[in-house]
Amino acid sequence: MSTTSLAYTSGNKAAASQWAVETHGLTKRFGENVAVNGVELLVPRGCAFGYLGPNGAGKTTLIRVLLGLTHADAGTMSLLGYPVPKRRDVALARVGAIVDEPRFHGHLTGRQNLQILAAAREPAARDRIESPLARVGMLHRADDRVSKYSMGMRQRLGVAACLIGDPELLILDEPMNGLDPAGMADMRDMILSLVAEGRTVVLSSHLLDEVERTCDAVAIVDHGNVIRQGPISELLAGASLALQVECSEPDRARALLEGTNIEAHIEVGQLGLGITLPAGTARDVIAEIARVLVEGGISLYRLQEIQASLESWFLQVTSRLGDSE
Ligand SMILES: Nc1ncnc2c1ncn2[C@@H]1O[C@H](COP(=O)(O)OP(=O)(O)O)[C@@H](O)[C@H]1O
Ligand SMILES: [Mg+2]
C-alpha cells in the first residue's frame, strides 16, 4: 500500500520554520537520467502549493525523495522545519501523503482499510476514522469494498487516510488524476478546506488550470529542473498584457499603431487586432492605443484587456526558455 500514513512517533513540537518544505540542491538520478535536478524548493506554510510540470518532469520522484521512499543523490531537505533524513520520523508523523495513486486492499471496505492504517499509528488515530470519512463524503460508502470504488472515491479515501494522522502537511501526487470535472471540483474544495484549517497542501499536477484554480503558489518543473516558483499572483504580474481590439480596417489600424513608438506585438485578426504589450506596460498605453486609432479615423467597437492566465504566462516562460537554449 503506497498510502503513506505510516506509524511514527509524534508529540514533539513542530520545529520553528516558515517553510513546510525546504530543499536545496536536491538531486536524484536514475543512471544518466536526472529526474530531480538541483531543486531549490520553498513551500510556505498554510498554503496550497502546486508542483506543476508535464509527465516525466520528475514530480513523483521528488515526492518519493521527500518521503524517504527513495534516497537523494545530493542536496538537503527539511519537512516542517525538521531536517530529513535525520529527523524523518518526527517529520513524517505530521505528514500525510498519497504517492502515484492511492492503493488499498480491494477486498476490504473503505472503513476497514482506514482501521488498518490507524492501528499502525498513535492511539489517538483510532478515533480519527469517522470524521475523515465524513469529511471526504465517503461515510455512505464506507462499508462497501474498495474494489467497487471509482477512481474518484479512491482518491477521496486516500485523503481520508492522510487525515488519520491529523497532518500539518499533505503531499498529494496528482490528486486530480482520473477524476471527472465534478470530482475535480470536489477535490479542489476539499484541498481548499484543508488549507483553510491551517494545513499545508503540496500537490503535484500536470494540469495547469487546476493548479491555477486550486493553488496559491506554484513551482514549475521540467526535466527535473524548477524553472520558476512563487505566488501565482506574483508570477502573473510578470506576464505580458494582452488586448483584444475590435475595430474597422484592421490592417490600417495596425499600420497606424506601428507608426507610433508604442512597444507592442500586433496581430491582425478577422474582427480586429490582438495586441501583446510587454510586462509592466503602463495602463496609459492602453488609452494611447485607443486615441491613436480613433484619431486615425478607425471605428473602435471594443477594446478588452485579456486577463493573464497561468497558461499564457507558462507559454511565455517556456518559449523564452526555448529561445535561450
Ligand atoms: N524507478 C525508476 N527507475 C528509473 N527511472 C525512473 C524511475 N522512476 C522515475 N524514473 C524516470 O524519472 C523521470 C521522472 O519520472 P517521474 O518522477 O515519475 O515524473 P512525473 O511524476 O513528473 O511524471 C522520468 O524520466 C522517469 O522515466
Ligand atoms: Mg508522477
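β10 and β11 form a hairpin with 2 residues between them, and H223, sitting in that turn, has a positive phi of about 45°. This is a predicted model, so take the hairpin, and everything below, as computed from that prediction. The protein as a whole has 11 helices and 15 strands, and it is divided into domain 1 (3-231) and domain 2 (240-307).

- To pick out one pair, V218 has G230 in β11 as its bridge partner.
- β10 also pairs with strand β4 (residues 48-52), this time in the parallel sense, over 4 bridges.
- In that pairing, the bridge partner of L52 is I220 in β10.
- As a bit of background, strands of a sheet pair through backbone hydrogen bonds, either parallel or antiparallel.
- How buried is strand β10 (residues 217-222)? 5 of its 6 residues are buried, so the rest of the structure largely encloses it.

**The sheet with β2, β3, β5 and β6**

- Here 4 strands make an open sheet, ordered β3-β2-β5-β6 with antiparallel pairing.
- β3 (33-44) and β6 (82-84) are the edge strands, each pairing on one side only.
- On average, neighbouring strands of this sheet are turned by 25° against each other, direction ignored.
- Helix α1 (residues 59-66) packs on the sheet and touches β2 (19-30), β3, β5 and β6; the direction of α1 makes about 115° with that of β2.
- Strand β5 (residues 74-79) runs antiparallel to β6, and 3 bridges join the two.
- Within that pairing, M77 has V84 of β6 as its bridge partner.

**The sheet with β12 to β15**

- Another open sheet of 4 strands goes in the order β13-β14-β12-β15, and its pairing is antiparallel.
- Its edge strands are β13 and β15 (300-306), and each of them pairs on one side only.
- Neighbouring strands in this sheet are turned by 15° against each other on average, direction ignored.
- β12 and β14 run antiparallel, joined by 6 bridges.
- Look at L243 for an example: its bridge partner in β14 is I275.
- α10 packs on this sheet, where it touches β12, β14 and β15; the direction of α10 makes about 160° with that of β15.
- α9 lies across β12, β13 and β14, and runs at about 170° to β13.

**A closer look at α9**

- Which residues of helix α9 (residues 250-258) are buried? They are P250, A253 and L257.
- The general rule is handy here: an α-helix has 3.6 residues a turn, so residues three or four places apart point the same way.
- On the other side of α9, D251 and E258 are exposed.
- What do the buried residues of α9 pack against? Their partners are β12 (241-247), β13 (265-268), β14 (272-277) and α10 (284-295).

**Cysteines**

- How many disulfides does the structure hold? The count is 0.
- For C162, the closest cysteine sulfur is in C215, and at 15 Å it is too far for a bond.
- C162 counts as buried, with 2% relative accessibility.
- C247 counts as buried too, at 5% relative accessibility.

**The overall picture**

- The C-alpha centres of domain 1 and domain 2 lie 45 Å apart.
- The C-alpha trace of the protein spans about 80 × 45 × 35 Å along its principal axes.
- Of the 325 residues in the protein, 46% are buried.
- If you take the contacts with a separation of 6 or more, 69% of them are between residues 24 or more positions apart.

Methods
Residues are numbered from 1 along each chain as its sequence is written. Chains are lettered from A and ligands numbered from 1 in the order in which they are written. This is a predicted model: local features need pLDDT of at least 70, side-chain atom pairs count only at pLDDT 80 or more; totals for chains, interfaces and linings use all residues. Side-chain values use heavy atoms; hydrogens and water are left out. Buried means under 20% relative accessible area, exposed over 50%, partly exposed in between (1.4 Å probe, protein chains only). Contact means heavy atoms within 4.5 Å. A disulfide is a pair of cysteine sulfur atoms within 2.5 Å. Two strands pair if DSSP finds at least two bridges between them. Axes are lines fitted to C-alpha atoms, for helices over the stretch in contact, and angles run from 0 to 180 degrees between N-to-C directions. Domain bounds come from an automatic or database domain assignment.
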